[in-house]
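Work through the exercises below with the sequence and the model at hand. Try each task before reading its solution.

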Amino acid sequence: MNIAALYAAVYVDGSSVVGEHCTLGFPKEARVRAAQQQQETQSAGKPVVIGQQCLLANHVVLYEGVQVGRDCFLEDRVRVGYDSTIGDCSRIVYGAYVCDRVTIGVDARVAGFVCDGSVIADRCTVMGELVHEYTRPHRGWWEVDEDSPTVEPDSVVGYGSRVVGGVTIGPRSYVAAGAIVTKDVPPEHVVTGVNVHTPANQWAGGRLQDLIRYWTSHR
C-alpha cells in the first residue's frame, strides 16, 4: 500500500511560515482503512489550504481538508482533524487536540480537547474540553454520530472546564475554570460548579466585571 498517494495536496500562501516536523494533508482513517482493504482506488484527499501571514510552529499535524484563514498562529504540537476550518486571526494553543469537522470562527483562541463536529464561534476562548456524551459505546466507534457542543460568539470556556454533549454556550457567557456543563447556557450567564447558571448582570465577583461591562457595551 502506498500511503503517500492518499495524502492531500497542500497550498501554503507565500507569506506564511511552517515550522519543523509538521505533517500536512494526512489522510483520514476511513480512507486509509479502505485502501488497506483495497476497497477503493488510492487517491489524494481534499486539499489543505493555509492563508496569508500564518505561522505554523513545530510538530503541527493537519489532516486532509483543513482550511486555515489568514493571520492564524498554530502553536507547537497542535493537531487539527479532517475537514476542519479555522477562521482569520485565530490562535490554536500549544498541544490543542482539535478533532474532525470542527468549525472555529474569527479571532478565536482554542486549547484543550475539541470533539468532532464542535462549533466555536467568532471571538471565543475555549481553554477547557468540549466532549461527546459517549452514551452508546456498545454500538461501535463509527456507528454513532453524537451531537456536539456549540460555543456562540464572545463566550469563554475556562481552563479545566468540561462541556458535555450537544449543548449551546452563550453568546457572551463565561464557563468558569473547572465547571461542568451538561445543559444549555443562556446568553450573558456565568457558569460555576455543575450547571450553576448566574445571569451576568447579577454576578457579584469582581474579576469578571470588566468583561461584563465590555459585553454590555458591544451587544
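**Exercise 1.** In this predicted model, find how strand 15 and strand 18 pair, and over how many bridges.

Solution. Step 1: locate strand 15 at residues 113–114 and strand 18 at residues 129–131. Step 2: the two strands pair in the parallel sense, over two bridges. Step 3: take Val114 and look across to strand 18, where its bridge partner is Leu130.

**Exercise 2.** Give the strand order of the open sheet formed by eight strands, and state which strands stand at the edges.

Solution. Step 1: the order is 3-6-9-12-15-18-21-24, and the pairing is parallel. Step 2: strand 3 (23–26) and strand 24 (180–181) each have a single partner strand, so one side of each is left without a neighbour in the sheet. These two are the edge strands.

**Exercise 3.** Classify Leu24 and Val18 as buried, partly exposed or exposed.

Solution. Step 1: the cut-offs are under 20% relative accessible area for buried and over 50% for exposed, with partly exposed in between. Step 2: Leu24, in strand 3, has 18% and is therefore buried. Step 3: Val18, in strand 2 (residues 17–18), has 34% and is therefore partly exposed. Step 4: beyond its neighbours within four places in sequence, Leu24 is in contact with Tyr7, Val10, Val18, Leu56 and Leu62.

**Exercise 4.** Which residues touch the most other members of the largest nonpolar core?

Solution. Step 1: this core has 37 residues, and the answer is Leu62, Val68, Leu74, Ile92 and Ile104. Step 2: take Leu74 and leave aside its neighbours within four places in sequence; its contacts include Leu55, Val60, Leu62, Val68 and Ile92. Step 3: another core, of five residues, lies apart from this one, and among its residues are Val190, Ala200, Leu208 and Trp215.

How values were computed:
Residues numbered from 1 in each chain as written. Predicted model: local features only at pLDDT ≥ 70, side-chain atom pairs only at ≥ 80, totals over all residues. Heavy atoms only, no water. Helix = DSSP H or I, 4+ residues; strand = E, 2+ residues; numbered from the N terminus. Buried < 20%, exposed > 50% of the residue type's maximum accessible area, 1.4 Å probe, protein only. Pairing = 2+ DSSP bridges. Core = buried A, V, L, I, M, F, W, Y, C linked by side-chain atoms within 4.5 Å. Contact = heavy atoms within 4.5 Å.
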